[in-house]
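Student: I'd like to learn how to read a protein model. Could you walk me through one, feature by feature?

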Amino acid sequence: MSNANRNGHKPWLKTYPSDVPEFVDVDQYTNINEMFKAPFEKFADNTAFVNMGHSLTYRELNEKSEAFAAYLQTELHAKKGDRIALMMPNLLQYPIAILGALKAGLVVVNVNPLYTPRELEHQLRDSGATIIVAVTNFGNSLQQVIEKTSIKHVILTSIGDALAPHKRTLVNFVVKYVKKMVPKYNLPGAISLRRALTDGKQMTFVAPELTRDDLAYLQYTGGTTGLAKGAMLTHRNIIANVLQVFGHFGPRTAKEQERAVTPLPLYHIFANSVSMMLMMYMGASNLLITNPRDLNSFVNDLSKYPFTMIFGLNTLLAALNKHEKFKTLDFSNAEFTIAGGMATQKHVAEEWQRITGMPIIEGYGLTECSPVVAGGVHTQQAYVAAVGVPLPSTELRIVDDQGQALGVNQVGEIQIRGPQVMKGYWKQDAETQAILAEDGWLYSGDIGRMDEEGIFYIEDRKKDMILVSGFNVFPTEVEEVATLHPKVTEAAAVGIPDDIAGERVKLFVVANGNVTADEIKQHCRKHLTGYKIPTFIEFKDELPKTNVGKILRRELRDQ
């Protein structure tokens, strides 16, 4: 593939570093497990993950994940292709569970642990997951929906279960009895993850035959119908993205000497593929932050860990910029920051670099692309307000409404083609055909342009999707929930700019009786995750519509 073909118009000029490969051999590994075999052996005694003051070496990670795989196969009779849901924040248990599931040939369904029972039920039912690994804090939500799902086996873990015995006891006691963060639940027959790992060590693991085209993840993403859809990501998709991101950013990293910080949730595909998978591929150390909203605890963890790089997004970076103790940390080892999930604001990036000395390098991607397709170049020394250039083995182009390629600086929809593009949506043929062309080009729904040097910029979004702190919020879902309220006749949700989160949800409501904004918010809180709840509510006598009755959200946004 020539550089001219990569951007569809002309070669990269000075923008593209000479030490970044034009394409990578994404078929050098048959499956994800094979990709990690050599690094896990080479870096066996290196620290793989750190969390709450406890560390896990690559040897321990390999042994524990294999024990979990053996337990899944032997005790639970899990077969290749079975779906397993993982519902937990950033804990040492997460990489153990996901690697064990992949070793056993299972398909991972990442679940946001903050989902309401309604959201959880849809994802479990749609995926057909038969096993779930969850933190006890969310046992109550699971209890409310489990009878309506295909779940046969529940594996539970407490927050501190992967820590040293004395600390485990203390942390679990404080979480449950002091902070009262574990609502009562009743899940008869639930299995302890600690017990599963202990028993699994005595069992024999048999590696299943896995191909590149076998599913690795069902990664759920918001849909225009109001219900999340499962993007089918294969082993090849994930391998490709790890190798592509490594090819793109690798020259700047310290490889196995890297000490990364991962505050973004591993159930999110950006953190999963880049923060976790890439770091494991390099044999790097990775500090997992369980609750980044607790900034004092987060900064305290950073003060004990001489990190070299950090993953983040605008909301989090802006909050850290304002934290007084963060400004006093030792950044002498820090090299760079990779940001994704949402656009980084220029003033946030400039303040971040002033405080830390680290430039922010942005990446751009979609869940449907495993997720990264473009990024700023590793040679850049300061923030650039662009999504960058395509990763190795990735093609990007700008097209008009008829799908015809446009020229330099012409605005149109961004299309993507590459080995990281999903197989399709799970059980959604029509939705798949609408976004994925027969020739492999994926319609991103993002409006952008490419400049003379092959750098891509996002100008707008074609879809009505709202982006809150890197999380997709589809208006249809918020509207559907709002209209469940007996006094709400119609509702329309739009995104409005926010200095911290990028966007917030604003809801326009037509009411049929006396109802307050607070009452509607309380109603939404019962059915929606926190970031989807409207921040602002405006009452109107009627909503603008087309002549066929479709609500004109853009008109409401413009107002």
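**Reading the model together**

Tutor: Let's start with a pair of helices: the axes of helix H11 (residues 295-303) and helix H12 (residues 314-321) come within 11 Å and cross at roughly 80°. Before we go on, this is a predicted model, where local features need pLDDT of at least 70 and side-chain atom pairs count only at pLDDT 80 or more, while totals for chains, interfaces and linings use all residues. Residues are numbered from 1 along each chain as its sequence is written, and side-chain values use heavy atoms, with hydrogens and water left out.

Student: What do "helix" and "axis" stand for here?

Tutor: Helices (H or I, at least four residues) and strands (E, at least two) are DSSP runs, numbered from the N terminus. Axes are lines fitted to C-alpha atoms, for helices over the stretch in contact, and angles run from 0 to 180 degrees between N-to-C directions.

Student: How do I put the angle between H11 and H12 into words?

Tutor: Two packed helices are described by the angle between their axes and the distance between the axes. Angles under 35 degrees count as roughly parallel, over 145 as roughly antiparallel, 65 to 115 as roughly perpendicular and the rest as oblique. H11 and H12 are therefore roughly perpendicular to each other. On the H11 side, Leu295, Phe298 and Val299 make the contact (heavy atoms within 4.5 Å), and H12 brings Leu316, Ala319 and Leu320.

Student: Which classes of residue make up the contact of H11 with H12?

Tutor: For the classes, Ala, Val, Leu, Ile, Met, Phe, Trp, Tyr, Cys and Pro count as nonpolar, Asp, Glu, Lys and Arg as charged, and the others, Gly among them, as polar. The contact of H11 with H12 has six nonpolar, no polar and no charged residues.

Student: How do helix H3 and helix H8 cross?

Tutor: The axes of H3 (residues 58-74) and H8 (residues 193-200) come within 7 Å, at a crossing angle of roughly 90°. That makes H3 and H8 roughly perpendicular to each other. Lys64, Ala67, Phe68, Ala70 and Tyr71 of H3 meet Leu193, Ala196, Leu197, Asp199 and Gly200 of H8. By class, the contact of H3 with H8 has seven nonpolar, one polar and two charged residues.

Student: Next, burial. Are the residues of helix H4 buried or exposed?

Tutor: Buried means under 20% relative accessible area, exposed over 50%, partly exposed in between (1.4 Å probe, protein chains only). In H4 (residues 93-103), 11 of the 11 residues are buried, so H4 is largely enclosed by the rest of the structure. Among them are Tyr94, Ile98 and Lys103.

Student: How should I read a sheet?

Tutor: Strands of a sheet pair through backbone hydrogen bonds, either parallel or antiparallel. Here, two strands pair if DSSP finds at least two bridges between them. This model has an open sheet of eight strands, in the order S7-S6-S5-S3-S4-S8-S9-S19, with mixed pairing. The edge strands, S7 (191-192) and S19 (424-425), each pair on one side only. Strands S3 (residues 83-87) and S4 (residues 107-110) pair in the parallel sense over four bridges, and Ala85 stands opposite Val109 in S4.

Student: Which backbone features are worth a look?

Tutor: Most residues other than glycine have a negative phi, and most peptide bonds are trans. Met52, in the loop between strand S1 (47-51) and strand S2 (54-57), has a positive phi of about 55° although Met52 is not a glycine. Ser393 also has a positive phi, about 60°, and is not a glycine. At 22% relative accessibility Met52 counts as partly exposed, whereas Ser393, at 10%, counts as buried.

Student: Where is there a cis peptide bond?

Tutor: A cis peptide bond joins Ser370 and Pro371, with omega about 0°. Pro371 lies in the loop between strand S14 (360-365) and strand S15 (372-375).
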